[in-house]
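Please examine the sequence and the three-dimensional structure shown below. The paragraphs that follow lead through selected residues and the contacts between them.

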Amino acid sequence: MKSSKKAIWFRTISPLIFLVIFIQGSAQLRTPLEESQFTELTQHGPMMDYLQELSSKNKEISIEIIGKSVQGREIPVLFITGSSRFGSQRAEKPVVMVFCQQHGNEPSGKEAALIVARDLVKEKSYILKNIDLILIPMVNPDGGEVLQRRNANNMDLNRNHVLLSEPEVQALHKVYKKWMPEVTLDIHEYNSISRRWIEKGMVKDADEMLGGATNLNVDSELIAFSRNVLMPQIGTFIKEKGFRYSRYIVGGPPSEHTRVRHSTTNINDGRQSFGIYNNLSFIIIEGKRFPDPRQNIEYRTRGQITALLSFLETMSQNHREIIEFVGEAQKELLLENIGAEHLSYIQMDYFPDSLNPTFRFPVFDLYRWKHTEVDLERYEPLVKIKRSVTKPVAYLFSSGEKELIDLLERHEIEMFSLKKDSQLNVELYRIRHITDGLDEEKAKKEVDVYKWTENRLIEAGSILVLLNQNASNLIPLLLEPQSSYGIVAERSMLQYCFDEYLEEGREYPILRLSEPISMELVARRKIFTEMSNAR
Ligand SMILES: [Zn+2]
């Protein structure tokens with residue numbers, strides 16, 4: 001009697017015990033920040049342990065090391081999918097790539113990413129029905145360890161996407177080129193405490209800011225879809241959760257005569273450098289970063305979790321349109337877009353819009369001690385073209401330009417060699433004058449050129465870069481001498497690179513081929529470091 005009672009008791013209770021153990025077991029995995037009750041930021045080593053455990057416990061998540069930082073720290077990537085294999089349903093499911101902490105002193109994006117990765121395979125798994133996710137929580141581990149903006153070479157990684165000189169940025173671009181994600185998101189934080197704003201009696205108060213591509217070479221329908229459909233939806237989700245949201249702006253405070261604009265059109269940052277491939281690229285900037293990056297970390301991380309989930313949910317809901325629009329825009333890049341109507345916009349700037357003279361922005365009023373909003377003047381929302389060139393069929397240069405070849409290889413831009421000496425009609429530039437100018441309030445070189453056409457003998461072995469490839473929008477921006485975004489405009493550590501290309505009176509070493517002709521070409525070895533396939 002007694003034993004059978006015990007048996008019944010055991011039979012009823014044991015599944016419950018297992019259930020409790022199971023729930024506790026799966027709830028046990030907490031990020032280092034959660035473990036510390038939101039008092040300690042996640043350092044690189046504990047992050048790696050957490051990610052290894054997360055991927056070993058969840059079949060949806062695989063981890064790969066995509067490169068190493070200057071000081072040799074591993075840069076991990078998570079591939080997260082609800083399908084049997086990552087990227088296996090590409091016709092229906094866009095690939096979304098999210099990367100965090102390019103700036104080492106902006107840790108909340110990484111903290112949010114670590115939590116979101118876990119929650120996506122649990123209570124948020126419905127999001128994975130329609131998208132596959134590449135998640136890179138810590139692009140700059142060396143900067144992250146010591147909470148400094150730059151990497152160990154003292155380089156700003158988010159200004160290195162043209163030169164690609166830093167191993168951390170190279171790793172990021174390798175992942176991008178391998179998967180060509182339809183959507184990318186670069187997560188940052190902004191400094192909300194600034195003396196100029198405090199002098200006006202306020203601090204910036206947006207918890208989350210979101211921006212999209214603004215460079216006019218990006219497909220205009222993609223920009224419109226991003227700005228009119230996706231961004232408002234993400235903003236609504238963020239506001240519904242109680243966080244203060246704004247479109248990403250720089251400039252202000254009110255009644256100071258600085259321009260208020262939607263950041264830069266430059267392609268050397270993590271947003272625009274991928275947008276130029278006609279994908280949908282975004283940046284999230286979170287507010288309330290204080291001089292000490294640890295301050296208020298729980299609130300900031302919760303804001304980032306909300307923004308990231310709102311973002312992913314919006315992408316998931318719009319997955320069909322994303323596949324369609326990005327697919328169309330990327331197909332365009334592969335066509336031979338020859339003719340006077342195919343332009344590359346090599347200089348542009350922000351201008352006022354008489355219909356929208358001011359921009360309403362959330363602030364915290366220090367006199368009245370409350371959240372409010374102000375209208376920022378000198379709002380310049382319109383990007384207009386200042387200079388354009390017709391796209392050539394190809395660019396040509398000598399095989400002796402080793403530094404240039406290296407740079408194009410880092411971008412995985414396809415190059416060919418001329419098989420024989422060829423007599424070709426080419427367009428050439430001579431540098432006339434170089435003067436000092438300003439671009440988006442920063443120093444730049446104003447380049448004046450003389451352009452002519454000539455029939456010239458081009459030596460066998462010369463390098464030819466055709467424009468009908470997926471870097472089609474990028475190539476003229478890099479190579480044109482008057483481009484604001486080019487190799488000759490780009491500075492690293494305040495040094496202009498390719499400086500010798502701009503000597504006054506000198507012939508610019510990169511030539512243009514403006515008509516298609518048949519010639520024998522040899523494909524150059526494609527530099528591509530193969531990564532082990534994600535599960
Ligand atoms: Zn940043």
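Is Glu503 buried, partly exposed or exposed? The model under discussion is a predicted one, and in it Glu503 has a relative accessible area of 46%, so this residue counts as partly exposed. Its place in the chain is the loop between β20, residues 495–496, and β21, residues 511–513. Glu503 also belongs to a negative surface patch, whose other members are Glu403, Asp406 and Glu500.

The loop between β20 and β21 also holds Pro509. The relative accessibility of Pro509 is 14%, and because buried means under 20%, Pro509 counts as buried. In sequence, 322 residues separate Pro509 from Ile187, and in space the two lie 38 Å apart, taken from C-alpha to C-alpha.

Charged residues can also be considered in pairs. Side chains of opposite charge can pair when their charged atoms come close. The structure holds 37 salt bridges. In one of them, the side chain of Arg259 meets that of Asp349, with a distance of 3.3 Å from N to O. Arg259 is located in the loop between β8 (245–247) and α9 (272–275), whereas Asp349 is in strand β10 (residues 343–351); the pair therefore ties together parts that are 90 residues apart in sequence. Both Arg259 and Asp349 are buried. These two residues are also linked with Arg378 and Glu380 in a network of salt bridges.

A further salt bridge joins the side chains of Glu480 and Arg512, at 2.7 Å from N to O. This pair, too, links distant parts of the chain: Glu480 lies in the loop between α13 (474–479) and β19 (491–492), and Arg512 lies in strand β21, 32 residues apart. Glu480 has a relative accessible area of 1% and is therefore buried. Arg512 is likewise buried, with a value of 0%.

The salt bridge between Lys444 and Glu446 has its closest N and O atoms 3.6 Å apart.

The cysteines may be considered next. How many disulfides does the structure hold? The number of disulfides is 0. Cys100 is buried, with a relative accessible area of 0%. Cys497 counts as buried as well, at 17% relative accessibility.

The last topic is the backbone. Most residues other than glycine have a negative phi, and most peptide bonds are trans. Against this background, the peptide bond from Gly252 to Pro253 is cis, with omega near 0°. Pro253 is situated in the loop between β8 and α9, and the loop between β8 and α9 also contains Arg259, described above.

Gln37, a residue other than glycine, has a positive phi near 55°. Gln37 is found in the loop between α2 (32–35) and α3 (44–57). With a relative accessibility of 57%, Gln37 counts as exposed. Asn154 is not a glycine either, yet its phi is positive, at about 60°. The loop between α5 (141–145) and α6 (167–179) contains Asn154, which counts as partly exposed at 41% relative accessibility.

How values were computed
Residues numbered from 1 in each chain as written. Predicted model: local features only at pLDDT ≥ 70, side-chain atom pairs only at ≥ 80, totals over all residues. Heavy atoms only, no water. Patch = residues over 30% accessible without salt bridge, like charges linked within 9 Å, V, L, I, M, F, W, Y side chains within 5 Å. Areas by Shrake-Rupley, 256 points an atom, 1.4 Å probe, with all protein chains shown as cover. Salt bridge = Lys/Arg side-chain N within 4 Å of Asp/Glu carboxyl O. Lys, Arg positive; Asp, Glu negative; His and termini not counted. Charge placed at Lys NZ, Arg CZ, Asp CG, Glu CD. Helix = DSSP H or I, 4+ residues; strand = E, 2+ residues; numbered from the N terminus. Buried < 20%, exposed > 50% of the residue type's maximum accessible area, 1.4 Å probe, protein only. Disulfide = S-S within 2.5 Å.
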